[in-house]
Amino acid sequence: MSATLHTSQASPLLIAQDLATEFARSVVERDRQGGTPKAERDALRGSGLLALSIPHEFGGLGANWTQTFEVVRAFARVDSSIAHVFGFHHLMLATVRLFGGAEQWQPWFELTARKNWFWGNALNPLDTRTVVRDHGSWREFSGKKSFCSGASDSEMLIASAVDESAGGKLLIAAIPSGRTGITLHNDWNNMGQRQTDSGSATFERVRVEESDLLLDPGPLSTPFACLRPLIAQLHFANIFLGIAEGAFEEARQYTLKETRPWFKSSAHSSHEDPYVLGHFGDFWVRLQGARLLLDHAAQALDQAWAKGAALSAEQRGQVAVAIATAKVAASRDGLELCSKVFEVTGARATQASVGLDRHWRNLRTQSLHDPLDYKLHELGDWALNQRLPIPTFYS
């Protein structure tokens with residue numbers, strides 16, 4: 001895990017693929033252990049990839065969203081927990097860019113690129129237990145927050161709190177992870193995404209300066225600012241596709257090398273069995289369809305991002321439809337593929353040492369982030385009534 005962009009002429013995607021190869025050596029054991037993948041996070045710091053989406057003028061690598069999500073997908077094929085926190089890091093950077101002023105995000109971008117900062121999440125707008133107290137020139141955040149992916153071992157956090165004195169207004173701030181009063185709990189113990197550190201945090205009278213608050217233009221305040229939830233949705237979709245691609249390739253290698261034909265089969269080897277071939281044909285179609293939809297969605301996002309403040313609500317809505325479509329396909333087809341790989345690999349592939357089950361567990365866990373039924377409802381309203389999705393933190 002020593003490859004770095006600073007000393008190599010390789011592209012970011014090739015660096016990511018090299019790192020993924022290293023991550024693969026320990027991923028099954030780390031999945032069992034859970035907890036913070038400290039060595040792997042430090043390898044990401046050393047690689048320079050934490051500056052991937054930061055523009056060149058601020059010391060970054062200047063990747064667009066298509067290129068950034070290619071790297072996310074490369075990690076997800078092997079280790080979807082790493083893909084999750086890496087993609088969330090870039091989502092947090094997008095958050096300060098979209099919700100904050102240039103005097104805020106430009107220095108944060110420069111410091112992130114220079115110091116290899118990792119950004120974590122403590123936003124979760126549906127968890128309103130953290131509240132604001134106004135002290136005039138500064139605010140105070142107190143309460144609890146759940147699903148804080150990537151917060152452990154981070155340098156900066158995006159955190160939210162509810163200002164009850166302002167009618168429940170959501171305030172979002174960018175604050176150092178080590179600020180006094182912040183406690184990150186190691187209480188994430190779910191069946192999948194086990195190394196995302198998506199547990200809880202406690203804020204005990206945490207001081208938040210006015211310069212920490214993302215108020216101009218603020219959350220979901222303009223069509224451009226409303227790209228933030230779409231970036232999150234496309235991030236998840238790329239994780240889903242990457243997981244499915246990884247499950248496909250592991251199942252392919254296992255079938256070629258280990259799987260035996262069923263005793264009633266007329267084939268001499270499993271890779272000639274007609275049922276096995278039929279399943280792999282179905283896997284291929286599912287993956288190709290999801291890839292094309294995700295590529296289309298990423299291109300639409302890049303075009304919208306380039307428009308900046310000139311982006312219209314109609315244009316933003318069209319991107320939302322493209323991303324929601326891709327996410328539904330990647331989720332449904334990914335879950336189906338990750339379940340059915342056992343029908344081509346056989347009973348011995350269920351051994352814990354193989355670790356093939358982690359793909360379904362990871363995808364199933366992450367796909368519950370927001371219900372697919374409601375995503376289909378939004379798409380149905382578009383398909384039937386031509387009503388574009390209303391911007392929320394989940395659409």
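Colleague: Which residues point one way from strand 4 and which point the other way?

Modeller: In a regular strand the side chains alternate between the two faces of the sheet. In this predicted model, where local features need pLDDT of at least 70 and side-chain atom pairs count only at pLDDT 80 or more, totals for chains, interfaces and linings use all residues. Residues are numbered from 1 along each chain as its sequence is written, and side-chain values use heavy atoms, with hydrogens and water left out. From strand 4, M156, I158, S160 and V162 point one way, while L157, A159, A161 and D163 point the other way, and all are buried. Strands are DSSP runs of E with at least two residues, helices are runs of H or I with at least four, and both are numbered from the N terminus. Buried means under 20% relative accessible area, exposed means over 50%, and partly exposed lies in between, with a 1.4 Å probe and protein chains only.

Colleague: Why is strand 4 described as largely enclosed by the rest of the structure?

Modeller: Strand 4 covers residues 156-163, and because 8 of its 8 residues are buried, it is largely enclosed by the rest of the structure.

Colleague: In what sense do strand 1 and strand 4 pair, and over how many bridges?

Modeller: Two strands pair if DSSP finds at least two bridges between them. Strand 1 (residues 119-122) and strand 4 pair in the parallel sense over 4 bridges, with G120 standing opposite L157. Strand 5 (residues 169-176) runs antiparallel to strand 4, joined by 8 bridges, and there the bridge partner of L157 is I175. The hairpin of strand 4 and strand 5 has 5 residues between the strands, and G167 in this hairpin takes a positive phi near 75°.

Colleague: Is T130 buried or exposed, and which residues does T130 touch?

Modeller: T130 is found in the loop between strand 1 and strand 2 (131-134), and it counts as buried because its relative accessibility is 0%. Contact means heavy atoms within 4.5 Å. Not counting residues up to four places away in sequence, T130 touches F141, S142, G143, K144, K145, S160, A161, V162 and F203. Among these are S160 and V162, which point one way from strand 4, and A161, which points the other way.

Colleague: Where is H84 found, and what does H84 touch?

Modeller: H84 is found in helix 5 (residues 80-99), and it counts as buried because its relative accessibility is 2%. With residues up to four places away in sequence not counted, H84 touches S149, Q193, T196, S198, H235, I239 and Q366.

Colleague: Which residues of helix 3 are buried?

Modeller: An α-helix has 3.6 residues a turn, so residues three or four places apart point the same way. In helix 3 (residues 38-47), the buried residues are E40, R41, A43, L44, R45 and S47, and what covers them includes helix 1 (12-24), helix 2 (27-33), helix 4 (65-76) and helix 5. Helix 3 is followed by G48, whose phi is positive, near 85°.

Colleague: How many residues of domain 2 are in contact with domain 3?

Modeller: Bounds from an automatic or database domain assignment divide the protein into domain 1 (12-118), domain 2 (120-212) and domain 3 (226-385). The centres of domain 2 and domain 3, taken over C-alpha atoms, are separated by 31 Å, and 6 residues of domain 2 are in contact with 7 residues of domain 3.
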